Amino acid sequence: MDFLFYEVIDKPLWLWLMFLTIVVALMMFDLGVLHKEDHEIGVAESLKLSAFYILISIAFGGYIWWAWANGTLVTSDGTNPVASYFQGYIIEKVLSIDNVFVISLIFGYFAIPRKYQYRALVWGIIGVIVLRGIMIAIGAELVSNYKWMTLVFAAFLAFTGIKMLFTQEGEADVSKNPMVGMVSKVMNVTKELHGQKFFVRQPHPVTNKIVFFATPLFVALVVINFADVIFAVDSVPAIFLITTDTFIVYTANIMAILGLRALYFALAALVHRFHYLKYALALVLVFIGLKGFYSYFFGKFDPYLSLAITIGIIAAGIFYSLWKTRDGGDDGHGTEVKAAE
């Protein structure tokens, strides 16, 4: 059993296996028990399931605190893993809210019924686990070998935050997504859904031979994962400015993503209530970017102060959004919105 203690990216193999086992167990429980039969998920069920995932994430944060306190877990950069994990988790969670609108557009474009959407989102986690792992590994390698990359990440985040403050939101056109055309070119795709199936066997329209066809549900899954990569361009640099410990970066990202799938249906119904959260998130990105410059030139910024500032800005954005959109108030675009039913 000595192989379990081999170092893999600065952490023993057993620690990585433990986390991945938790993720796989949650997915199996979700798909095999909670959602064995496809059904339309309402706001109440979405909130309950999200609360469950948040509790799991907090419990894992508690384990990180325990392991750090007894010396089992030591970060590669000497940062406080508890504050870093929760700050990274919160930032990733809020950044994920932007994903909701895009995911909703993708499902709408492919006419995916609500009862099949959750299964597609859960299976999408597998792609996220792999793709985020690759991006984080690349980021860790860059930061490890080129310290000045911290300044690049900091400048990118600060610029992104400032751009978010002053750029008007535009509606995405799913049909122009390069993955839509690419999948259609390399695979046979059915015109209609086949229930919850991603692939089916049926006669080819030209050769009449029985071949595999991808369904629109699979194409939607591919496009959603591609969109997640685009969103990760913001979130991965953000958390690397909090800590460069790969284990903390990866676990915070994945824990937040796991919960997003559960929260999606509630957010999709209530997203108009959180318009001003975009500006709070922009300020957080600017703050993290400036903190990156400070840490590079003057030393580490107090991790608990950084966590408190992040929570304070986001909480202010949430409460201000809820207040402005109360009883069908202004949605931030000068129009009235209806209160969530």
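Colleague: Which residues in helix 2 are buried?

Modeller: This is a predicted model, so the values are computed from it. Buried here means under 20% relative accessible area. In helix 2, the residues that count as buried are Ser46, Leu49, Ser50, Tyr53, Ser57, Phe60, Gly61, Tyr63, Ile64 and Ala67.

Colleague: Take Ser57. What is Ser57 in contact with, leaving aside its neighbours within four places in sequence?

Modeller: Ser57 sits in helix 2. Its relative accessibility is 2%, so Ser57 counts as buried. Sequence neighbours within four places aside, its contacts are Tyr85, Tyr89 and Met255.

Colleague: How far apart are the end C-alpha atoms of helix 2?

Modeller: Helix 2 covers residues 43-69, which is 27 residues.

Colleague: Which residue with a positive phi follows helix 2?

Modeller: The phi in question is near 85 degrees. The residue that follows helix 2 with this value is Gly71.

Colleague: Now the whole chain. What pattern does the protein chain follow along the sequence?

Modeller: The protein chain has 10 helices and 4 strands. Read along the sequence, these elements give β-β-α-α-α-α-α-α-β-β-α-α-α-α.

Colleague: What percentage of the contacts with a separation of 6 or more come from residues 24 or more positions apart?

Modeller: First, some background on the protein chain: 47% of its 341 residues count as buried. It exposes about 16900 Å², and carbon and sulfur atoms supply 68% of that area. Among contacts with a separation of 6 or more, the share from residues 24 or more positions apart is 77%.

Colleague: Is Asn208 buried or exposed?

Modeller: Asn208 lies in the loop between strand 3 and strand 4. Its phi is positive, about 65 degrees, although Asn208 is not a glycine. Most residues other than glycine have a negative phi. At 59% relative accessibility, Asn208 counts as exposed.

Colleague: Which loop holds Ala111?

Modeller: Ala111 also has a positive phi, near 55 degrees, in a residue other than glycine. With 53% relative accessibility, Ala111 counts as exposed. Its loop is the one between helix 3 (81-109) and helix 4 (114-145).

Colleague: How far is Ile239 from Glu92 in space, C-alpha to C-alpha?

Modeller: Ile239 belongs to helix 7. At 2% relative accessibility, Ile239 counts as buried. Neighbours within four places aside, Ile239 is in contact with Gly88, Ile248, Val249, Ala252 and Asn253. Ile239 and Glu92 are 147 residues apart in sequence, yet their C-alpha distance is 8.2 Å.

Colleague: Is Leu241 buried or exposed?

Modeller: Leu241 is placed in the loop between helix 7 (216-240) and helix 8 (246-270). Sequence neighbours within four places aside, its contacts are Thr150, Phe153, Ala154, Leu157, Ile288, Gly289, Lys291 and Gly292. Its relative accessibility is 7%, so Leu241 counts as buried.

Colleague: How far is Leu241 from Tyr296 in space, C-alpha to C-alpha?

Modeller: In sequence, Leu241 and Tyr296 are 55 residues apart. In space, C-alpha to C-alpha, the distance is 9.7 Å.

Colleague: Which helix gives the most to the nonpolar patch?

Modeller: The nonpolar surface patch is made by Tyr146, Trp148, Val152, Tyr294, Tyr296, Phe297 and Phe298. Its area is about 790 Å². The top contributor covers residues 277-298 and gives 4 residues. That is helix 9.

Colleague: How does Val152 count by relative accessibility, and what is the value?

Modeller: Val152 is one of the patch residues, and Val152 lies in helix 5 (residues 149-166). Partly exposed covers the range between the buried limit of 20% and the exposed limit of 50%. Val152 counts as partly exposed because its relative accessibility is 39%.

Terms used: Residues numbered from 1 in each chain as written. Predicted model: local features only at pLDDT ≥ 70, side-chain atom pairs only at ≥ 80, totals over all residues. Heavy atoms only, no water. Patch = residues over 30% accessible without salt bridge, like charges linked within 9 Å, V, L, I, M, F, W, Y side chains within 5 Å. Areas by Shrake-Rupley, 256 points an atom, 1.4 Å probe, with all protein chains shown as cover. Salt bridge = Lys/Arg side-chain N within 4 Å of Asp/Glu carboxyl O. Helix = DSSP H or I, 4+ residues; strand = E, 2+ residues; numbered from the N terminus. Buried < 20%, exposed > 50% of the residue type's maximum accessible area, 1.4 Å probe, protein only. Expected span 1.5 Å × (residues − 1). Contact = heavy atoms within 4.5 Å.
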